[in-house]
Amino acid sequence: MTEKNYNVDQLNKIQETINKMDPVDIADKLEILPEKDVAIWIKLLNKDLLADAFTELRAENKARIVNILSEESIKDLVRDLDEDELVDTLQELPANITKKLMDTHIDDNRRKVVNELLGYPQESVGSIMTVNFLSVKETDSPKSALDKIMASKLDAEKLEQIWLTDQSLVLIGFVYIADIIRNQNKSLKELAKSITATVTPYEDQEVVAKLSYRYDLGEVPVVDSENRLIGIVPAEDVIDVVHDELQEDMSNITGISDQSESYLEESSFKIAKTRTTWLIICLLTATMTGFIIHRYESLLASAVALTAYIPMLMDSGGNAGSQASTTVITSLYSGELSVKDFFKVVAKEASIGLITGIILVIINFIRLMILDQAQIRVNLTVSITLILTIIFSKVMGGILPLIADKLDVDPTVMAGPLITTVVDTLVLLIYFEVASLLLGI
């Protein structure tokens, strides 16, 4: 994009246009505009809007913007960023810029809070929570609460729920701002809604997403060991967590590492490296299937027709296992299932496998008789193996995520290549043992 020289009318028009844009769209533009135009946009943007757009930028572009800003503009930007947004920025910027911001542009009071937030482990609740919230005492009057709301400098979306504490700051509940306005004659305690769920700052951020989904929470309160309110995770951050966790789960299921950059910008070599890891693991574990086939070479030589049905049986088992694991993982995520339901899951998936297997066997039996004109013993061998495969695969697909959850391993790790590899190995064992028994080889 070529640089332009703007007259006053053009600048006024640009200012009017960009200050009506969404911060996400502004961030997209700032990432592709040349430095001269970026500098103009920064001067024309409202400070609050610039801060909101800044948080949407990728790390390298945040550093670019900071280098373009004047010292005064950097101070304004830092002041307009919430503490959690400031922490995210400091973690993404180069060390020299981070040190400059901490030493020069962040005052002592904020620096203490920022350092506390920086001290929480990555992907913990504490690393994503915001300390910008409004709380009132249960003994306060609705008028007093309204006065605090009017005096607050928090954004409107952070004032929808007003948190209620006792004199020791122990969390009691929350009150909707609309209820306070409408019910001036009632006490805050009468208007209070009970707390459905809380989290601690050292819990995994995935817990926030699960609780928010389960209880339909707009904001999730974060408390310390004495149940004192120390922060909240608002809905927009919960959505980010859900997105991140979904990406991570999809990566685990498909056997690839999560990409830190966008698909088109990340190098082909780096993507290939992350994808190859699981493929190598699957390649090595698939060696077991080779050993099994080699062991039963004499059986295959005596009944060559059996070879044609190996891919169908392995695919059916892998697909059946993946269906069960996906269902169980979803139920684990929503809180419907836990490890204590282990035997219930086994019984449930076994019954599902039996029903599904019978239907598939009937269809496959007819197919083999009509299209392949297979011998009855071969047909029975394939049919018995198919129903056993479906039942076994469903049960394995159901229990492996539960075992992973018990061992504090991400259940999605069990949902992709691992289940397929385990099922493939055992399907062959079942197939050849059934064939040996029925064919007398």
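## Close-up views of a predicted model

**View 1. An open sheet of 4 strands runs in the order S1-S2-S3-S4, with mixed pairing.** The edge strands are S1 (135-137) and S4 (193-194), and each of them pairs on one side only. The model shown here, as in every view, is predicted. S1 pairs with strand S2, residues 161-165, in the parallel sense. There are 3 bridges between S1 and S2.

**View 2. Valine 136 sits in strand S1.** Its relative accessibility is 2%, so valine 136 counts as buried, the cut-off being under 20%. Isoleucine 162 is 26 residues away along the chain, yet the C-alpha atoms of valine 136 and isoleucine 162 are separated by 7.1 Å. Beyond its neighbours within four places in sequence, valine 136 touches Ile162, Trp163, Leu164 and Thr165, among others. Ala145, Lys148 and Leu188 are also in contact with valine 136.

**View 3. Strands S5 and S6 form a hairpin.** S5 covers residues 219-223 and S6 covers residues 229-234. The two strands run antiparallel and are joined by 5 bridges. Valine 220 has valine 233 of S6 as its bridge partner. Between the strands lie 5 residues. In this turn, asparagine 227 has a positive phi of about 65°.

**View 4. Strand S5 is largely enclosed by the rest of the structure, because 5 of its 5 residues are buried.** Which residues point each way from S5? Glu219, Pro221 and Val223 point one way. Val220 and Val222 point the other way. Residues on both sides are buried, Glu219 included.

**View 5. Leucine 90 lies in helix H7, residues 83-92.** Leucine 90 is buried, with a relative accessible area of 5%. Leaving aside neighbours within four places in sequence, the contacts of leucine 90 are Thr98, Leu101, Met102, Ile106, Val114 and Leu118. Take Leu118 from that list. Leucine 118 is 28 residues from leucine 90 in sequence, and the C-alpha to C-alpha distance is 8.8 Å.

**View 6. Helix H20, residues 342-372, has buried residues along it.** They are Val345, Glu349, Gly353, Gly357, Val361, Asn364 and Leu368. What covers these buried residues? The cover includes helix H19 (310-334) and helix H21 (376-406). Just after H20 comes glutamine 373, with a positive phi of about 50°.

**View 7. The whole protein chain, for context, has 22 helices and 6 strands.** Its radius of gyration is 30 Å, well over the 22 Å given by the globule rule for 441 residues, so the chain is more spread out than a compact globule. The C-alpha trace spans about 90 × 60 × 35 Å along its principal axes. Of the 441 residues, 43% count as buried. Among contacts with a separation of 6 or more, 69% join residues 24 or more positions apart. The chain exposes about 23,800 Å², and carbon and sulfur atoms supply 57% of that area. The chain carries 40 positive and 66 negative charges, and their mean positions are 2 Å apart.

How values were computed. Residues are numbered from 1 along each chain as its sequence is written. This is a predicted model: local features need pLDDT of at least 70, side-chain atom pairs count only at pLDDT 80 or more; totals for chains, interfaces and linings use all residues. Side-chain values use heavy atoms; hydrogens and water are left out. Two strands pair if DSSP finds at least two bridges between them. The radius of gyration is taken over C-alpha atoms; the globule rule is 2.2 Å times the number of residues to the power 0.38. Buried means under 20% relative accessible area, exposed over 50%, partly exposed in between (1.4 Å probe, protein chains only). Contact means heavy atoms within 4.5 Å. Accessible areas come from the Shrake-Rupley method with a 1.4 Å probe; for residues, only the protein chains shown count as cover. Lys and Arg count as positive and Asp and Glu as negative; His and the chain ends are not counted. The place of a charge is taken as NZ of Lys, CZ of Arg, CG of Asp or CD of Glu.
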